[in-house]
Amino acid sequence: MPELHQMFNRQRKYILYVLSIYVLGWGFTTHKSVFLGLILGTLLSLYMHWGMTKRVSKFGDAVVAGQKVRSLGTTSRMAAAALGVIIATRFPETFHLLSLIIGLMTTYIVIMIDYFFSSFKTNK
């Protein structure tokens, strides 16, 4: 599955660009809690994306080998999101909860944008 890893590496690069913008926003604006929520949510989202890519790769290998297939880790992704929400509610002066939730969705937004760009390239 080299194309899966290429896709993940490309999306990881985009997410790191977005994270760098969030860090600049944290450093140069007065909305520190908003940007810290975005940073925390995006880091958790990147972790979940990495874990899902790893599990999908193992899932594909198991299917090809005809072995029993394990779960894709829904529980661990929900636990990571719950951890972020717990942190944001425990420290509301430091982390903005709505920004954390938007940060958790950052990977999905990046995946959709990457899909549109890559499908546009292949159609040309």
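Which residues of helix H1 are buried? They are Leu4, Phe8, Gln11, Ile15, Leu19, Tyr22 and Gly25. Here "buried" means under 20% relative accessible area, "exposed" means over 50%, and "partly exposed" lies in between, with a 1.4 Å probe and protein chains only.

Before going further, a word on the source: this is a predicted model, in which local features need pLDDT of at least 70, side-chain atom pairs count only at pLDDT 80 or more, and totals for chains, interfaces and linings use all residues. Residues are numbered from 1 along each chain as its sequence is written, and side-chain values use heavy atoms, leaving out hydrogens and water.

**The whole protein**

You will find five helices and zero strands here, so named because helices (H or I, at least four residues) and strands (E, at least two) are DSSP runs, numbered from the N terminus. Of the 124 residues, 31% count as buried. The C-alpha trace spans about 55 × 40 × 15 Å along its principal axes.

The buried residues of H1 pack against H2 and H5, where contact means heavy atoms within 4.5 Å.

In helix H5 sits Asp114, which is buried, with a relative accessible area of 4%. Leaving aside residues up to four places away in sequence, Asp114 touches Met7, Arg10, Gln11 and Tyr14. Gln11 is also one of the buried residues of H1.

**Helix H4 and its neighbours**

Now look at H4, where Ser99, Leu100, Gly103 and Leu104 are buried. Seen down the helix axis, these buried residues fall within an arc of 145°, so they line one face of H4; the arc is that of the directions from the helix axis to the C-beta atoms. The helices that the buried residues of H4 pack against are listed below.

| Partner of H4 | Residues |
|---|---|
| Helix H2 | residues 32-65 |
| Helix H3 | residues 74-90 |
| Helix H5 | residues 106-123 |

The axes of H4 and H5 come within 4 Å and cross at roughly 35°. Such axes are lines fitted to C-alpha atoms, for helices over the stretch in contact, and angles run from 0 to 180 degrees between N-to-C directions. At this contact, Ile102, Gly103 and Leu104 in H4 meet Thr106, Thr107 and Tyr108 in H5.
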